[in-house]
Amino acid sequence: MLEIQNLTKRYGKYVAVDHVSFTVPDGQVGILLGPNGAGKSTIIKSIAGLLRYEGGVGIARMNARSMDAKRIFAYVPELPAMFDALTVREHIEYIKRAYHSSITDEEVEALLTRFEMEDKQDKLGNELSKGMMQKVSICCALAIKPKVIMLDEPMVGLDPAAIKELKQVILELREAGVTILISTHMLEMVKDLWDVMFVMEKGKIMGAYRREDALDQDIEDLFFQITGGQQANETGGEE
């Protein structure tokens, strides 16, 4: 479970996120939607512990700042960052050791094969394309064997085959009881994945839906009802 309680983030007098609260239950996929400048990335970075904030974040009913919570929490950032001097395989090994993960060499091989990286294992971080870096970031997150995983625009930069594979991985994680939060503006990419949806605008949650209550309404229709037709991927503004 991922619980956000009255999360507020201020930059001086500017309130980027204003008392936001929402919950993603165990074994469900939560989607955080909103136009640029809505505050999505601020929430994501706060949950990940990259920003100071007011309010509370709970991971599997533990304070997100605790070491026990961090051990079961994985984060795939929008802009992956690699170590220049580590190979693809060494990145995963580094994460495995840092998190004391139980993942086996066979499971690592299966991950790399799944994302078509088995022949890229010896490439250095500074030799990777944006898409390859994204795949390594995803593999590192999965290597933790997380109970809660958060992905920020995870499909940007991926090729169609990798997008299809990532969607399947997300469904498998959900089936295994993992809590998943995806922040995105790419409505088409998540329309078959979501269980709960939170639409942000101007630093606040403007609407929340459960898939079971949405009947046959499309995710795009729900989004536009809340935002008054504002495009999710409009340009301009900071997150």
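The structure holds zero disulfides, a disulfide being a pair of cysteine sulfur atoms within 2.5 Å. This is a predicted model, in which local features need pLDDT of at least 70 and side-chain atom pairs count only at pLDDT 80 or more, while totals for chains, interfaces and linings use all residues. Residues are numbered from 1 along each chain as its sequence is written, and side-chain values use heavy atoms, with hydrogens and water left out.

The relative accessible area is 1% for Cys139, and Cys140 is at 11%.

Cys139 and Cys140 are also part of a helix contact, made with H3 by residues of H5. Helices (H or I, at least four residues) and strands (E, at least two) are DSSP runs, numbered from the N terminus. Two packed helices are described by the angle between their axes and the distance between the axes. Helix H3 covers residues 88-98, and its axis lies 9 Å from that of H5, at an angle of about 30°. Axes are lines fitted to C-alpha atoms, for helices over the stretch in contact, and angles run from 0 to 180 degrees between N-to-C directions. The angle makes H3 roughly parallel to H5, since angles under 35 degrees count as roughly parallel, over 145 as roughly antiparallel, 65 to 115 as roughly perpendicular and the rest as oblique.

Which residues make the contact of H3 and H5? H3 contributes Val88, His91, Ile92 and Ile95, and H5 contributes Val136, Cys139, Cys140 and Ala143; contact means heavy atoms within 4.5 Å. Of these residues, seven are nonpolar, one is polar and none is charged. Here Ala, Val, Leu, Ile, Met, Phe, Trp, Tyr, Cys and Pro count as nonpolar, Asp, Glu, Lys and Arg as charged, and the others, Gly among them, as polar.

Ser137 is found in H5 too, which spans residues 130-143. Ser137 counts as buried because its relative accessibility is 9%. Leaving aside residues up to four places away in sequence, Ser137 touches Val76, Pro77, Pro80 and Met82.

Elsewhere, Tyr53 lies in the loop between helix H1 (40-47) and strand E4 (54-59). Tyr53 is buried, with a relative accessible area of 12%.

Key. Buried means under 20% relative accessible area, exposed over 50%, partly exposed in between (1.4 Å probe, protein chains only).
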